[in-house]
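Please look at the sequence and the structure before reading on.

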Amino acid sequence: MKLATKGFITILTGLYSFQDCVHFLASVRKFHQEPIIILIDRVPRILYPLLQVFGNVILQRAPSHENKTIYMDCDICLLSPIDEVFGYLDEVDLLVTEDVQPAIAKASNLLRVKQDILSTLQSVGLPLNKNTIQYNGGFIAFTKSSTNQELFAEFKKYFEIVVAHQNVLLLKDQGAFAAAIESVKPQMRTLSPVYNYLDKWKDAYAIDKPIKVMHCTYPYRPQYAKNVTRSLFTRIVDRTAKIFLPNQINNPWRLK
């Protein structure tokens, strides 16, 4: 059997993002037929068939063969095909998008305390400087390469530092990811915000091209994005979600 060389990956931990994940799958399947891998945890197996309705959905660890992978948070919705992203990976190892606030020295979103941002991040052991860029981890495309293996190993190491310093840092991935990129310096390309558009911060963008990737939890998606995934199946999921699934708006993870 020929192994797939391209695919999508997301993470689903617990039930708070289950509804998001259903709409994520629906939007990807509207435009793409490549395999979708879900790294799944703390979800009852009785719900697995609702995710596998979309076909070629793999509930397991990422395969180890050569591939081009696009990782997206499960609260993302595709608004158009993104085949060109796979093509970009012929030229570089890593594709990312900047955060709404790209300057790490101004990234107050990473701290629990009100003190100098850069020196605080440096004091816990993150190798950041005034020129470091904060990237948003909601959309990352990568190849399977030794460089990226080192990058994600460094990412894990620096994220453990973030976890260990919760007295001053918020539990967010951006600082660790920026530190890993600063340390490894992979061959990479920064994509336009149209590939990771956070609707909550739309006033911060100056975009003159159609949005391709919408990033926001399902209850807060604008109607034109919800229309992309609207079907009898997703309408049934949405109605029953109000009864059986935790409330996404009051999700305690979103309140931290």
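## Loop residues

At 42% relative accessibility, asparagine 56 counts as partly exposed (buried means under 20% relative accessible area, exposed over 50%, and partly exposed in between, with a 1.4 Å probe and protein chains only). The model is a predicted one, in which local features need pLDDT of at least 70, side-chain atom pairs count only at pLDDT 80 or more, and totals for chains, interfaces and linings use all residues. Residues are numbered from 1 along each chain as its sequence is written, and side-chain values use heavy atoms, with hydrogens and water left out.

Asparagine 56 sits in the loop between H2 and E3. Helices (H or I, at least four residues) and strands (E, at least two) are DSSP runs, numbered from the N terminus. Arginine 42 belongs to the loop between E2 and helix H2 (48-52). Most residues other than glycine have a negative phi.

| Residue | Phi | Relative accessible area |
|---|---|---|
| Arginine 42 | near 60° | 67%, exposed |
| Asparagine 56 | near 55° | 42%, partly exposed |

Asparagine 129 is found in the loop between helix H4 (117-123) and strand E7 (133-143). Its relative accessible area is 27%, and asparagine 129 is thus partly exposed. The side chain of asparagine 129 comes to 2.8 Å from the backbone nitrogen of asparagine 131. Apart from neighbours within four places in sequence, asparagine 129 is in contact with Ile104, Leu118, Gln122 and Glu182 (contact means heavy atoms within 4.5 Å). Between asparagine 129 and isoleucine 38 there are 34 Å in space, C-alpha to C-alpha, and the two are 91 residues apart in sequence.

## Sheet and helix

An open sheet is formed by seven strands in the order E3-E2-E1-E4-E7-E6-E8, with mixed pairing. Two strands pair if DSSP finds at least two bridges between them. Strand E3 (57-58) and strand E8 (188-191) are at the edges and have a single partner strand each, so one side of each is left without a neighbour in the sheet. Within E8, leucine 191 is the bridge partner of threonine 97.

Helix H1 (residues 18-31) lies across strand E1 (6-13), strand E2 (36-41), E3 and strand E4 (68-72). H1 runs at about 170° to E2; axes are lines fitted to C-alpha atoms, for helices over the stretch in contact, and angles run from 0 to 180 degrees between N-to-C directions.

Definitions and conventions: A polar contact is a pair of N or O atoms within 3.5 Å; within protein, one must be able to donate a hydrogen and the other to accept it, and residues adjacent in sequence count only if both atoms are side-chain atoms.
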